[in-house]
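Please go through the sequence and the model below before reading on. The paragraphs that follow take the structure part by part.

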Amino acid sequence: MNVRYRVELSQAERDELTEMLGSGKNAARKLKRAQILLAADGGCRDEEIARTVSVSLSTVGRTRRRFVEGNLERALSEEPRPGAERKLTGKEEALLVATACAKPPAGCKRWTLTLLADTMVKLTDHNSLSGETVR
């Protein structure tokens, strides 16, 4: 058992997790984390929890760690995912949709991703945008 991150739930936390699992109105990931915490509180080993809940060992360890270092809410919630910031703001996305719904420029039958990207560069302050950005 992972002694460093020993999960000890209060009765109120156990009740909350049990109610959450019974309602079925939460995201699947959140429900799996609730199952992990309840099993960990019951004294199950990480390998056993991973097998019964169908998650990886790292997910079990991460959920334990987030509960011990934080609280129940932190253990159940999603952490921000890594990645690049969005290139287009909400207003720019609205402009992109409006542009794509408008008639294409003369000489073109339809909008292409490259044509949309080039048009967005002209209409906004961006120096360049790729076709994948406007996809």
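A residue counts as exposed when its relative accessible area is over 50%, and as buried when that area is under 20%. In this predicted model, Ser128 has a relative accessible area of 57%, so Ser128 is exposed. Ser128 sits in the loop that links helix H7 (113–123) to helix H8 (131–134). Between Ser128 and Arg86 there are 42 residues in sequence, and their C-alpha atoms are 14 Å apart in space.

Thr99 belongs to helix H6 (residues 90–101). Setting aside residues up to four places away in sequence, Thr99 touches Trp111, Leu116, Thr119 and Leu123.

Next comes the nonpolar interior. In soluble globular proteins, nonpolar side chains tend to be buried together. Here the largest nonpolar core has 19 residues, and Leu17, Leu37, Ile49, Phe67 and Leu76 have the most contacts inside it. At least two residues of this core come from each of helix H1 (11–23), helix H2 (28–41), helix H3 (46–53), helix H4 (57–69) and helix H5 (72–76). H2 gives the largest share, six residues. Another core, of eight residues, lies apart from this one and includes Leu88, Leu116, Ala117 and Leu129.

Leaving out neighbours within four places in sequence, Ile49 is in contact with Ile36, Ala39, Ala40, Cys44, Ser54, Val60 and Arg64.

How do H2 and H4 lie relative to each other, roughly parallel or roughly perpendicular? Their axes come within 10 Å and cross at roughly 75 degrees. Angles of 65 to 115 degrees count as roughly perpendicular, and H2 and H4 are therefore roughly perpendicular to each other. On the H2 side the contact is made by Arg33, Ile36, Leu37 and Ala40, which meet Thr59, Val60, Thr63, Arg64, Arg66 and Phe67 in H4. By type, the residues of this contact are five nonpolar, two polar and three charged.

H4 can also be checked for length. At 1.5 Å a residue, its 13 residues should span 18 Å, and the C-alpha atoms at its ends are 18 Å apart, so the two values agree. The buried residues of H4 are Val60, Gly61, Thr63, Arg64, Arg66 and Phe67. H1, H2, H3 and H5 are among the elements that cover them.

Key:
Residues are numbered from 1 along each chain as its sequence is written. This is a predicted model: local features need pLDDT of at least 70, side-chain atom pairs count only at pLDDT 80 or more; totals for chains, interfaces and linings use all residues. Side-chain values use heavy atoms; hydrogens and water are left out. A nonpolar core is a set of buried Ala, Val, Leu, Ile, Met, Phe, Trp, Tyr and Cys residues joined through side-chain atoms within 4.5 Å. Buried means under 20% relative accessible area, exposed over 50%, partly exposed in between (1.4 Å probe, protein chains only). Helices (H or I, at least four residues) and strands (E, at least two) are DSSP runs, numbered from the N terminus. Contact means heavy atoms within 4.5 Å. Axes are lines fitted to C-alpha atoms, for helices over the stretch in contact, and angles run from 0 to 180 degrees between N-to-C directions. Angles under 35 degrees count as roughly parallel, over 145 as roughly antiparallel, 65 to 115 as roughly perpendicular and the rest as oblique. Ala, Val, Leu, Ile, Met, Phe, Trp, Tyr, Cys and Pro count as nonpolar, Asp, Glu, Lys and Arg as charged, and the others, Gly among them, as polar. The expected span of a helix is 1.5 Å times one less than its number of residues.
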